[in-house]
Every structure is written in C-alpha cells, then in structure tokens.
Amino acid sequence: MTRRSGIRAWITCLAAALICWTGAAVAQGGDDPSLPAAQDAPQPAILVADDVFLSGNEQLVASGNVEALYDGRRLKASEIVYDRTTETLRVTGPISLEEADGTMLVLADSAELDREMRNGLMTGARIVMDDQVQLAANELARVNGRYNQLYKAAVTSCRVCNSQSPPLWQLRARRVVHDQQEKQLYFDDAQFRVLGTPVFYLPRLRLPDPTLERATGFLVPSLNNSSLLGFGARVPYFIRIGDHKDLTVTPYLSTESRTLELRYRQAFRNGTIEVTGALSDDDIGGRSFKSYVFANSTFALPRDFTLRFDIEAVNDDTYLLDYGYSEKDRLDSEISVERARRDEYIRVALTNFRSLRAGESNSTLPTIVSNGEYERRFQLGYAPGGEIRLGVLSHAHYRSSNLAVDGADFDPFADGRDVARFTVSADWHRSWTIGAGVLTSAQVGLAIDSFHVQQAGITSRSEAVEVTPSASVELRWPLLKTSSAGATHVIEPVMQLSWVGGSNPLVPNDESTRIEFDEGNLFATSRFTAPDRRERGFNSAYGISWTRYGSKGWQSSFAVGQVVRDEAEVDPAGGFAFTNSSGLQDRYSDLLIAGQFKTDDGLAITARGLFDDDFVTTKAEARASWRNDRATVGGTYIWLRNDPAEARPDNISEWAFDASYRLSRHWTGSADWRYDVASDESVRAGLGVTYTNECVDISLSASRRFTSSTILVPSTDISFTVGLRGFTTKTRDKSYVRTCEQ
C-alpha cells in the first residue's frame, strides 16, 4: 500500500469514528425490521481540513478548520490527532458535534477518546438537546457508547447569555448521567436553584430528556385555594404503561378534601379509549365519599361502521361543579353504531340520561332512550328523474315511574308513560332550472308513524297509526352583480309552497318539546324536531338573503323570512302545538332576521332574532369577536322570552364576555364574565395572568361562581401553576424566547 492510499484509508476511518459516536445507541437495534434497508445505508464519511499529514508512522494529524461529515452528523474542531499505537483520538477545540435531526448539539474545549468513540473524556463540555435544555459541566465522560457522565454539571432550559448572570432556574448536581438509549437524565446530589439561590435539595432525581415524547414522571403541579375546598395542591404523576397506553394519577390534598384523580388512555389498532374519574373524601354537603367517572371511546368496525360509547356517572349531584370537573347538569351515557356513505346512513344508539338539577325527578324523566335510523337514496336515471329517499326511524323511551296519572307539570299526559314509535317514509326529490335562472325543486312523500304508549292514562291513546302524505315546491332566484369597486353582491329571493296531510294523533309530545326556528328549517315542510308531531295543512315560507363579498376580504350577509299557514297549528291534546316562544304559534310566524359580518383582520359579528307582529323580540342572540396576534375578545348576548312550556318561568337575558391580551412579550392577561341582566346579578367572573418565556410558564387565575340554589352555594377559586419548559412542556412558539443583547 502506498503512503497516499494509506492516508486516504486513515482519513475515512477517522471521519467515520469521529462522527458516529452519537449514533452508537441507535445502532444496537439488531434485526429490527424498522431499521433502514441496505439500499438506504449512510453515505461514505468525509473529512475536510486545511492540512492533513502523517507524523511519523503512528500518528495522523488533521489541523485547521477540521470538519467531518457522516450520515448527516457534523463535527467541527481545530485539530484532530489519531495515534494508531494507543488507538486514541485527541481533539483540540473549540469542538462542536451536531446530530442530523438537530436534536442534540455537543460543544467542548478538548477531548480524548478511544478509536470507536465509545469511551473517553471531554473538558469544558456543554450539551444542548432539542434546542431547549442545556447541560454544562467541567468534564464529560463517554462510557460504553451509551452514557454521557457530566461532573459538576448545571442543567437549565433558560437562555444563558453570560456566566455573570445566573439563569432564572437551574439544576446543579455533582454528577449527571445521560442515558442515550433510554433517553433519561439521572442526577446525583441535585440542587434546584432560582436566580442562583438554592431552593431545595434532592439526593437523587430522574428526568426524561427533551427528545422523549412520553416518560413516567411528575407533571406540572398546581396550588389551589377554594372557598369550598380550602387550600390545597395537585401533583399529577404520569405512568407510561406502554407505547399505546398510560395512566395519570393526581393526588389532590386540601384543608377540606382528600381526592385522588385518575386518567387512563389507550390506543388500539382500530380505536381509542379514555377514562377520567376521581374519588373524594370531604366535609362538603351530606355525602362524605364522592366519586365520578367519565369514559369515551371510538372504534372502527368492519364494513365502514363506527362504534362509539361514553359513560357519565356521579354519586353526588354537586360534585362535578364543586370540584370544577364539569358544568353539566344532565348526564348522558350512550353506546352507538353508525355508518355514513354517499347514499346511505345507518345509526343505532342506546342512551341513559340522569338529571342533576334540583326539582327534577329522574323517575318521571325518560332515563333510557333508544334510537334507530336508516336512510337510503337512489338516483333515477329515467323519467321523472331526481332521487328517491327511503327512511326508517325507531324511537323508544322508558321511565322508571309507573304513574298513569298526570302530576303538577305543564303537559297533560301521565307522568310514568313509556312511549315507542316506529316510522317509515319514502320521498321523491328533484331539482331543475327554469327560465331566467330560477332554481326549482319539488318533493312528494309519504310517511307512516306507529305509536305504542304504556301507562297512557286517560289523556292519551295507547295505540295510534298515522299516514302522512306531503308535497312541496320551492323557487329560488339567485341574482349576482359585481360593482366597479370589485365587490360582489348576491341577492336570492326564495318562495316555498307545501302541503302536509293527516292529523296529529293523541299521543304524548315527548320529542318535539323545544323548537328552534332559524335559517336551517325556514323552508322545511315540518319544523318539529321529531315525527311525534308534524305541521299539517297548507303553508308557505318566503324569504330573501343578501350577501356581499368585498374586494379586501370583507364579507357581510343579511336574511329575513317568515312562515304563513292557512290556520294556526293546534295540538290534539288542546291548545297550540307550538310554544309561545317558538315564534311559530300563530298563522303568521314571527319574523326571522339574521345577519353576519366578517373582515380579514379577525372581526366577526353574528346575530339572529325572532320578532312578533309588534316587532317585540321573542328570541335573540348575538356574538361579536375580534382576534389578532395580540388579542382575542368576544362577547355574547342572549334573550329568551319566558315560556312555562319550555320550563322557563322568567325571561332570560344574559351577557357573556371573554378576552385575552398579550400585554408584552412574556405577559398575557385573560378575563371572562357572565352577567344575568334579568336578575341584575353576575353569574360567573374570572381573571388570569400568565408569564411565559423559553424556560418557565407561570399562571395565576381567580374565578368566582355567584349562583346559588337549594344544593349549590357560591364559591371562589384561586389557582397557581408553575411549569418548567424543556422537561414538562416545550416552547413551540419561539416568540416567547428571550434574546441576548449583543
């Protein structure tokens, strides 16, 4: 072998050895089928330097801007000397070694390592992991190609600009061991320091390195103070059970409560499941031992079916609200199977309801409800064209009460009634365009409803069958114009004529008790929510909408509509079929008005309302919001006229506000407020402030619930949370990262 070829061989081996040590742990994967195939093998190593020469016959010297590249990794140094007799490498710094994916950067002043780079010593070493956590030490020892041992080390994720200014927080330790294979950091004799001042001492500590996505260990703790629960702390502990499941255990100890919170998650090949719950022993209310469990899951089944289920259970009516777990006052547990295809929809569901509201009896409420739905449509390629829609609906609900008489409530039906309904329907739909661009659609249908009522009493039939034919014609005339300023205007008047035959049988109205009259059902043949009631006779609906698309991204729309019948809808049990606040109780419905305005700089305003003959508001709601890079502000107003038929004895008039504002680069404030205008009192209010930079996230919030009832009392909650970024959380938004002044 010539001297030139010998140097070339040495250079290749040296470059590969220098740059490959950080990948030593990965290379131990054996015959793992996930490893790259032979054709994806790394490219040859490359060594670049100002001067490369042999010193005698035993030493290879590379000096001056030395750079080695291998498999995407890059090493830089001032000089490298390889001694063949001792099989050691001496590297003179400054040294930098960077992983291909940028997850780890090693810096050092000098190093002495063996040929395979599996063992050795580096001085003045610093490791930066995931561009987040920094480990600095006097010495770094490389052991068995897997462990990095740092002596007299400091660890932080804060930006360190100079050695004279200590970071906001840091961990100081006599020794830190970084296990590259398990991606763990082990600390011996660790001190946690804030601005250089020791706060507490830990003889042993283990933390995951920032490149590990899921690891067993503590999560961000929080301090809470509640007027109900007293002062306490939450300390969550995350347990990684495997690659696809985990458990989070959170003890919550306060002066008034001993609580254990749990969350379990598991991912399967075809679905996921998540279960949350808590167990509490406290002195609040009548029951000392309280618990709840919420679970939900989704699974993909064969033939495009989807299985979903959720469980909601609690053994105390105020437990969820007192502890802030949920504001639900009616729980629903359900299991369902459904499939949606282009021309077919199938769904079967079984639901259990439980009310937590004061004054509601679960024995006279439908607690077990089953629903089934099947719809299929067929395109007709021959006269008369259009499509046929076939549907099957089933519904049943059960009350645990056996009362066959009517109690003190608004409806006239027996309180313990159980109802089952079965519906089959067939409809023909067709759309076409006639002269002047008028869009025309027609519908003809037939539905058969069968009812069976147990504990019907004397105010309802036990069995009933009703045949309902229907027909409708709808005309739409969209008109478009573009102005000289570039704005596009679309005006669309709409007219519908419909007829529905038959009559509503004398059966309980349990499904269509809440009617929402809006743009979505303005042109429906029936605005009841279920087939236990249908709009009968002749009626018409008309409306007009206007939409403007501005050249600068602004968009506005406005719509108005009304329904007119040949006579007011009457319920078979007596009185009007629609409630007084539905907007549909008379021959002429209330006037429906809706509008929207949006801009490209984050402003959005939406409003709709129902107005009677005297233009007095029946129902109204409005929402305005504005969002930009610094602020998010939103406000909502709702007005509902009193209506005993909808369990609303008084008017409802409420404002709700929510806002957040980035006060500066690192400070963000937030606030929310809900105010009951009708009773002239606040319902809920909250304030919060958060400080965030690249290494810490500190949140302080306070909230007050003003509502009270026979089972609820007002409460105030204060929460304080500190998260150390780099270990518990990561800084994805780089705008929070501090910079060093030059």
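Biologist: In the largest nonpolar core, which residues touch the most other members?
Modeller: A nonpolar core is a set of buried Ala, Val, Leu, Ile, Met, Phe, Trp, Tyr and Cys residues joined through side-chain atoms within 4.5 Å, where buried means under 20% relative accessible area, exposed over 50% and partly exposed in between, with a 1.4 Å probe and protein chains only. This is a predicted model, in which local features need pLDDT of at least 70 and side-chain atom pairs count only at pLDDT 80 or more, while totals for chains, interfaces and linings use all residues. Residues are numbered from 1 along each chain as its sequence is written, and side-chain values use heavy atoms, with hydrogens and water left out. The core holds 44 residues, and those that touch the most other members are Ile127, Leu135, Leu150, Leu171, Val176 and Phe187.

Biologist: Which strand gives the most residues to this core?
Modeller: Strands (E, at least two residues) and helices (H or I, at least four) are DSSP runs numbered from the N terminus. With 5 residues, the strand that gives the most to the core is strand 6 (residues 104-114).

Biologist: Which residues does Leu171 touch, not counting residues up to four places away in sequence?
Modeller: Contact means heavy atoms within 4.5 Å. By that criterion, Leu171 touches Ala153, Ala154, Val155, Phe187, Gln191, Phe192, Leu205 and Leu207.

Biologist: Is Ser512 buried or exposed?
Modeller: Ser512 is placed in the loop between strand 30 and strand 31. Leaving aside neighbours within four places in sequence, Ser512 is in contact with Phe528, Thr529, Ala530, Asp532 and Arg533. Because its relative accessibility is 2%, Ser512 counts as buried.

Biologist: With which side chain does the side chain of Ser512 make a polar contact?
Modeller: A polar contact is a pair of N or O atoms within 3.5 Å; within protein, one must be able to donate a hydrogen and the other to accept it, and residues adjacent in sequence count only if both atoms are side-chain atoms. A polar atom of the Ser512 side chain lies 3.1 Å from the backbone nitrogen of Ala530. At 2.9 Å, the side-chain partner of Ser512 is Asp532.

Biologist: How many salt bridges does a search of the whole structure find?
Modeller: A salt bridge is a side-chain nitrogen of Lys or Arg within 4 Å of a carboxyl oxygen of Asp or Glu. One network of such bridges links Arg342, Asp343, Arg377, Glu387 and Arg389. For the whole structure, the number found is 47.

Biologist: How many residues apart in sequence are the parts that Arg421 and Glu511 tie together?
Modeller: The side chains of Arg421 and Glu511 meet in a salt bridge of 3.0 Å, N to O. Arg421 lies in strand 26 (residues 418-434) and Glu511 in the loop between strand 30 (488-500) and strand 31 (537-549), so the pair ties together parts whose separation in sequence, in residues, is 90.

Biologist: In which strand does Lys619 lie?
Modeller: Lys619 forms a salt bridge with Glu516, the closest N and O atoms being 3.8 Å apart. Glu516 is in the loop between strand 30 and strand 31, 103 residues from Lys619, which lies in strand 35 (residues 617-627).
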